[in-house]
Amino acid sequence: MCRVFAGQDPAGYRQINRSVRIAGHSTSIQLEATFWDLLDEIAAGQGLTTPKFLSQLYDEAIEINGTIPNFASMLRTTCALYLKGASPEREELEALKEIA
């Protein structure tokens, strides 16, 4: 049962630091390689670079929630939502249908 998880390529969970500019400040974010791959994919799907996507995501989350206690954790859960089928286009279309 666990072989598919236990036997995964260690490169996928290797920690990678990336420096990005968030809210006008340069910061370093450490995530596993698999999460960076997913964030790159999500950003590309939005027609954005990953740094631009992260900055926009941060700004929108602050606007909605007022604070982000742990941005790296938020990025991981963003990836989980994406894998579960959430997409900005689908979510925004659903919201527009509810308004109409």
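Start with helix 2: its buried residues are A33, W36, L38, L39, I42 and A43. "Buried" here is a relative accessible area under 20%, "exposed" is over 50%, and "partly exposed" is in between, using a 1.4 Å probe and protein chains only. Helices (H or I, at least four residues) and strands (E, at least two) are DSSP runs, numbered from the N terminus. Keep in mind that this is a predicted model, where local features need pLDDT of at least 70, side-chain atom pairs count only at pLDDT 80 or more, and totals for chains, interfaces and linings use all residues. Residues are numbered from 1 along each chain as its sequence is written, and side-chain values use heavy atoms, with hydrogens and water left out.

**The overall layout**

The protein has 5 helices and 2 strands, and along the sequence they run α-β-β-α-α-α-α. Of its 100 residues, 25% are buried. If you take the contacts (heavy atoms within 4.5 Å) with a separation of 6 or more, 38% of them link residues 24 or more positions apart.

**The core**

What holds the middle of this picture? The largest nonpolar core has 18 residues, and the ones touching the most other members are I29, L31, L39, F53, L54 and L75. A nonpolar core is a set of buried Ala, Val, Leu, Ile, Met, Phe, Trp, Tyr and Cys residues joined through side-chain atoms within 4.5 Å. Two or more residues each come from strand 1 (15-22), strand 2 (25-32), helix 2 (33-45), helix 3 (50-65) and helix 4 (71-83). Helix 2 is the top contributor, giving 5 residues.

Skipping its neighbours within four places in sequence, L31 contacts R14, Q15, I16, W36, L39, A72, L75 and R76.

**Helices 2 and 3**

The cover over the buried residues of helix 2 includes strand 1, strand 2, helix 3 and helix 4. Over in helix 3, the buried residues are T50, F53, L54, S55, L57 and A61, and they pack against strand 1, strand 2, helix 2 and helix 4.

Both helices have the length you'd expect. The expected span is 1.5 Å times one less than the number of residues. For helix 2, with 13 residues, that gives 18 Å, and its end C-alpha atoms are 18 Å apart, so the two agree. Helix 3 has 16 residues and should span 22 Å; its end C-alpha atoms are 22 Å apart, which agrees too. Just past helix 2, G47 takes a positive phi of about 75°.

T50 sits in helix 3. Leaving out residues up to four places away in sequence, T50 touches R18, W36, L39, D40 and A43.

**Helix 3 against helix 4**

How do helix 3 and helix 4 pack? Their angle is about 105° and their axes are 12 Å apart. That makes helix 3 roughly perpendicular to helix 4. The axes are lines fitted to C-alpha atoms, for helices over the stretch in contact, with angles from 0 to 180 degrees between N-to-C directions. Angles under 35 degrees count as roughly parallel, over 145 as roughly antiparallel, 65 to 115 as roughly perpendicular and the rest as oblique.

On the helix 3 side, L54, L57, Y58 and A61 meet F71, M74, L75 and T78 of helix 4.

**Some residues side by side**

| Residue | Relative accessible area | Class |
|---|---|---|
| C2 | 44% | partly exposed |
| A23 | 43% | partly exposed |
| T50 | 10% | buried |
| P51 | 41% | partly exposed |
| T78 | 15% | buried |
| C79 | 0% | buried |

A23 is worth a look for its backbone: A23 has a positive phi of about 50° although it is not a glycine. A23 lies in the loop between strand 1 and strand 2.

As for the cysteines, how many disulfides are there in the whole structure? The search finds 0, with a disulfide taken as a pair of cysteine sulfur atoms within 2.5 Å. C79 is buried at 0% relative accessible area, whereas C2 is partly exposed at 44%.
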